[in-house]
Amino acid sequence: MNPQSPGNKPLSYGIITLIIIFYMLNIFQMVQQSEEIPYSEFLQLLSDHRVEQVWIEDHKIKGQLGESDDKEIKGFSTNLVDPNLSKLLAEHGVKFQKKIENTFFRDIASWLIPFGLFFGFWFYMSKKLYSKSAGGGFMSIGKSKAKIFVQTDIQTTFDDVAGVDEAKEEILEVVNFLKDTEKYERLGGKLPKGILLVGPPGTGKTLLARATAGEAKVPFFSISGSEFVEMFVGVGAARVRDLFEQARAKAPCIIFIDELDSLGRSRMANPMGSNDEKEQTLNQLLAELDGFDSSSGIVLLAATNRPEILDPALLRSGRFDRQILVDRPDKKGRVDILKVHVKNVKIDPNFDLNSLAMLTTGFTGADLANLVNEAAIMATRRKAESVTTEDFTMALERIIAGAEKKNRILSLDERSIIAHHEMGHALMSSALCKAEKVHKVSIIPRGIGALGYTIQTPTEERFLMTKKELENKMSVLYGGRAAEEIIFNSISTGASDDIAKASNIAHSIVLNYGMDESLKNLSLEQPNQSFLGGPGQNPYNRATYSEHTARLIDDAVQSLTDDCYENAKNILNKNRALLEKSAKKLLQQETLVEAELAEFFNEIVT
Ligand code: ADP
Ligand code: MG
Ligand code: ZN
């Protein structure tokens with residue numbers, strides 16, 4: 001992962017070593033030098049005839065004392081004071097000569113050190129810059145050899161992925177295709193080019209992709225979207241080209257692009273100007289997607305937890321047109337996932353996985369894996385033989401305490417509120433909106449912020465809506481909060497999204513559709529005329545109207561919302577027993593589907 005050309009290091013090391021050697025030599029020379037004495041002492045020695053020989057340098061005299069002397073000082077040096085020393089020396093019969101100071105090493109060093117430092121810094125910086133980029137390292141931008149991660153012998157199988165049976169079933173087709181490409185071709189079958197795994201973080205998307213390769217026993221090219229995004233324009237694009245080239249050589253195989261959103265973010269999402277590099281990379285990917293068809297034996301998988309920000313070009317048909325939802329597991333799914341993960345730990349035989357699954361609503365596969373791991377750590381800490389219920393309870397408490405901040409794992413009280421809230425929506429919808437069927441109600445948290453959800457599916461396609469229908473829609477949206485108020489006599493923040501939506505409808509009724517009695521047939525906001533409505537722009541322009549009209553608008557919106565909320569409360573009050581009964585069942589089962597809801601809906605009175 002850290003490529004660099006092999007020449008760099010030895011060269012810079014060599015320079016440093018040389019510098020050190022020069023310095024050592026210099027120091028060695030100095031050490032050889034002898035005792036430093038004052039000039040006056042030197043003159044004394046001279047007059048005592050003890051000096052045998054001296055070497056005179058530019059600013060120094062170095063000397064040697066006579067052999068006969070058994071004094072400690074043999075060699076000495078002193079600073080030159082009197083430049084006319086030669087006469088004196090000659091008088092005392094001392095051998096003397098001028099010594100040309102050898103500053104060669106010092107000069108070289110003084111020249112080499114800044115040079116060496118500069119080079120060292122340069123190498124360091126260039127290494128930093130390039131190690132993240134092209135595989136070839138320094139000076140070879142655009143070739144990505146080592147970066148593409150291919151695995152040929154993956155041991156992960158579908159048995160390791162639990163609780164996402166629907167996704168597994170869908171992806172089984174890919175496995176069958178890869179196992180026998182020829183058979184598929186003979187029959188004229190074609191696989192969608194790109195399959196996008198969509199789901200919250202930790203639900204096992206990466207795991208599922210690996211397992212697909214493991215099941216089909218084909219090479220697995222995996223790369224994360226963020227790895228394509230580089231500092232230098234063109235590098236990412238080259239990498240995409242390389243990836244497909246290598247994959248073609250190894251077909252049949254799987255190419256897996258993890259975290260596709262970091263690469264394929266909508267180009268329109270950034271109105272402040274585009275990121276050239278990202279755009280080029282994305283364009284290259286789109287081109288490659290168009291350029292190969294599945295008969296080449298390559299299956300392209302990608303994963304994201306934010307499909308909504310992906311560039312529409314990536315999702316159009318012929319590219320990543322098949323989406324597979326990898327959702328948070330339901331209770332049974334959680335039991336299965338726990339079974340996968342407790343395989344590797346010694347578990348107490350009395351332990352009941354079902355009851356643990358009951359307590360872990362909203363946990364993803366990754367959360368559950370973490371839970372089992374924490375419990376095993378707890379058991380190890382108390383030096384137990386096996387992991388027991390007690391360990392799991394403690395681990396769960398720890399995780400929930402940590403996760404509470406993230407607003408994902410809910411207490412029983414909260415879940416009860418959510419169950420009533422969602423049933424409020426469902427009952428109101430069944431009572432008022434005949435054109436929409438409640439498909440599913442769930443208290444398994446989903447996405448960001450949504451703690452539960454009610455899915456309504458229109459029974460027929462609609463192009464027009466009457467005022468009554470719009471109001472009914474608002475009443476359904478208020479059903480959640482109304483249910484909370486009726487049952488708990490207090491309201492919660494859980495309804496914020498509903499209220500925003502209902503207010504929007506009320507605004508539109510008054511401002512755009514001219515449906516309100518007091519402001520009849522007046523359009524007070526004009527839609528923006530820009531093509532397709534560019535992102536980030538206010539889609540409406542405020543028309544000119546007086547303060548008086550503004551006041552009328554506020555009143556009209558308020559009375560609409562009040563009426564709808566009252567309506568919701570009325571209907572739910574009439575069906576209070578039903579609300580409580582159905583919420584209880586929802587709390588128990590976490591999810592209610594159409595058939596299960598029908599028996600409650602039959603009892604509604606309006
Ligand atoms: P994602 O890519 O969706 O964010 P991962 O595939 O990286 O999630 O999952 C992380 C870990 O969580 C996996 O390695 C596995 O141990 C565990 N895990 C997640 N989902 C499942 C699952 N459905 N079955 C078994 N284990 C799972
Ligand atoms: Mg992942
Ligand atoms: Zn709601």
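Before anything else, I wrote down what handedness means: a crossing is left-handed if the near helix is turned anticlockwise from the far one by less than a right angle, and right-handed if clockwise. I also reminded myself that this is a predicted model.

**Entry: H19 and H20**

I started with helix H19, residues 496–511, and helix H20, residues 547–574. Their axes are 9 Å apart, and the packing angle is about 130 degrees. H19 and H20 are therefore oblique to each other. I checked the handedness too, and the crossing of H19 and H20 is right-handed. On the H19 side, the contact uses Ala506, His507, Ile509, Val510 and Leu511. H20 brings Ile553, Ala556, Val557, Leu560 and Thr561. Sorted by class, the contact of H19 with H20 has 8 nonpolar residues, 2 polar ones and no charged ones.

**Entry: H17 and H21**

Next I looked up helix H17 (residues 412–432) against helix H21 (residues 576–589). Their axes come within 8 Å and cross at roughly 125 degrees. That angle makes H17 oblique to H21. The crossing of H17 and H21 is right-handed. Among the H17 residues that meet H21 are Arg415, Ala419, Met423 and Leu427. H21 residues in the contact include Leu578, Glu580, Ala583 and Leu587. I noted the classes for the contact of H17 with H21: 8 nonpolar, 4 polar and 3 charged residues.

**Entry: H9 and H11**

How do the axes of H9 and H11 cross? Helix H9 covers residues 235–250, helix H11 covers residues 276–291, and their axes cross at roughly 25 degrees, coming within 7 Å. Angles under 35 degrees count as roughly parallel, so H9 is roughly parallel to H11. The crossing of H9 and H11 is right-handed. From H9, the residues in contact include Val235, Val240, Arg241 and Phe244. They meet H11 residues, among them Glu277, Gln280, Leu285 and Glu288. The contact of H9 with H11 counts 5 nonpolar, 4 polar and 4 charged residues.

**Entry: ligand 1**

Last, I turned to the ligand. How many residues surround ligand 1? I found 14, and the closest are Ala162, Gly202, Lys205, Thr206 and His341. Then I picked out some polar contacts. An N or O atom in the side chain of Thr206 is 2.6 Å from an oxygen atom of ligand 1. Leu207 uses a backbone N or O atom, 2.9 Å from an oxygen atom of ligand 1. Thr203 has a polar backbone atom 3.3 Å from a nitrogen atom of ligand 1.

Notes. Residues are numbered from 1 along each chain as its sequence is written. Chains are lettered from A and ligands numbered from 1 in the order in which they are written. This is a predicted model: local features need pLDDT of at least 70, side-chain atom pairs count only at pLDDT 80 or more; totals for chains, interfaces and linings use all residues. Side-chain values use heavy atoms; hydrogens and water are left out. Axes are lines fitted to C-alpha atoms, for helices over the stretch in contact, and angles run from 0 to 180 degrees between N-to-C directions. Helices (H or I, at least four residues) and strands (E, at least two) are DSSP runs, numbered from the N terminus. Angles under 35 degrees count as roughly parallel, over 145 as roughly antiparallel, 65 to 115 as roughly perpendicular and the rest as oblique. Contact means heavy atoms within 4.5 Å. Ala, Val, Leu, Ile, Met, Phe, Trp, Tyr, Cys and Pro count as nonpolar, Asp, Glu, Lys and Arg as charged, and the others, Gly among them, as polar. A residue is near a molecule or strand if one of its heavy atoms lies within 4 Å of it. A polar contact is a pair of N or O atoms within 3.5 Å; within protein, one must be able to donate a hydrogen and the other to accept it, and residues adjacent in sequence count only if both atoms are side-chain atoms.
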